[in-house]
Amino acid sequence: FRKIAASTRPLHWDMIDPARMKYLSRMPVTENVVLGDSSYFLVHGTPRDPMDEYLTADPKAWESRLKGVDADYVLVGHTHTPFHLDLGRIQVINPGSVGQPRDGDPRCSYVIIEDGQIEFKRVEYDVDKTIRQLKEIGVTGDALALSEVVLKTGGKSTDE
């Protein structure tokens with residue numbers, strides 16, 4: 001997966017205009033949100049390392065990362081693998097991925113949280129169209145081949 005990121009990064013830099021780049025650079029790396037009676041802490045990786053820490057559904061590891069976090073739900077990503085951990089005072093939820101799945105299911109994965117109930121959902125999308133778009137923007141070689149496999153199979157990897 002690092003190969004995909006490394007080979008597509010220059011394409012992203014070329015595609016994003018300066019105004020959008022400025023907007024993206026000003027976005028917070030964490031966010032606290034209150035909706036109704038529930039509070040949410042949103043982060044890509046973990047509260048300890050918001051951008052880069054890659055942590056799976058390991059309750060003990062998450063307990064140590066949640067010290068100082070005051071929220072009912074911590075919503076994370078980065079692993080592209082859906083999971084839900086109920087740790088008592090906090091629930092950690094990774095909705096999975098809308099692209100580059102890593103759990104063996106190529107469909108888009110998302111979560112609905114309603115009235116304290118957590119429901120994981122899946123929806124199919126046109127993977128072949130996504131692959132055509134990758135080719136059109138200039139993704140080639142190993143990155144394209146790996147992307148194709150991941151998108152079509154929901155590829156799993158521990159090489160993150």
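Colleague: What makes the span of α1 close to the expected one?

Modeller: This is a predicted model, and helix α1 covers residues 2-15. From its first C-alpha to its last, the 14 residues reach 20 Å. At 1.5 Å a residue, 20 Å is also what is expected. The expected span counts one less than the number of residues, so the two values can be set side by side.

Colleague: Where in α1 is the kink?

Modeller: At T8, shortly before the proline P10. The bend there is about 35 degrees. That angle compares an axis fitted to the seven residues ending at a position with one fitted to the seven starting there.

Colleague: Which residues of α1 are buried, and what do they pack against?

Modeller: I4, T8 and L11 are buried. That label needs a relative accessible area under 20%. The buried residues of α1 pack against α4 (127-137) and α5 (141-153).

Colleague: Why is S64 called partly exposed?

Modeller: S64 lies in helix α3. Its relative accessible area is 37%. Buried means under 20% and exposed means over 50%, so a value in between is partly exposed. The C-alpha of S64 is 10.0 Å from that of P47, which is 17 residues away along the chain.

Colleague: How do you know that β4 and β5 pair, and in which sense?

Modeller: There are 4 bridges between β4 and strand β5 (residues 91-94). A pair needs at least two bridges, so these strands count as paired. The sense is antiparallel. One of the bridges joins F83 to N94 in β5.

Colleague: What makes β1 and β4 edge strands?

Modeller: The sheet is open and has 5 strands, in the order β1-β2-β3-β5-β4. Its pairing is mixed. β1 (30-35) and β4 (83-86) each pair on one side only, which puts them at the edges. Neighbouring strands of this sheet are turned by 20 degrees against each other on average, direction ignored.

Colleague: What is in the largest nonpolar core?

Modeller: It has 15 residues. W62, L66, V74, V76 and V92 have the most contacts inside it. Members must be buried nonpolar residues joined through side-chain atoms within 4.5 Å. β2 (38-43), α3 (59-65) and β4 each give two or more residues to this core. Another core lies apart from it, with 8 residues, among them I131, V139, L144 and L151.

Colleague: Which residues does V74 contact, leaving aside neighbours within four places in sequence?

Modeller: F41, V43, L66, V69, I90, Q91, V92 and I93. Contact here means heavy atoms within 4.5 Å.

Colleague: How many bridges join β6 and β7?

Modeller: 7, in the antiparallel sense, between residues 108-114 and residues 117-123. C108 stands opposite V123 in β7. The two strands form a hairpin with 2 residues between them.

Colleague: What makes the phi of D115 worth a mention?

Modeller: Phi of D115 is positive, about 50 degrees, although this residue is not a glycine. D115 sits in the loop between β6 and β7.

Colleague: Where is H80, and what is its phi?

Modeller: H80 lies in the loop between β3 (73-75) and β4. Its phi is near 60 degrees, a positive value in a residue other than glycine.

Terms used. Residues are numbered from 1 along each chain as its sequence is written. This is a predicted model: local features need pLDDT of at least 70, side-chain atom pairs count only at pLDDT 80 or more; totals for chains, interfaces and linings use all residues. Side-chain values use heavy atoms; hydrogens and water are left out. Axes are lines fitted to C-alpha atoms, for helices over the stretch in contact, and angles run from 0 to 180 degrees between N-to-C directions. Buried means under 20% relative accessible area, exposed over 50%, partly exposed in between (1.4 Å probe, protein chains only).
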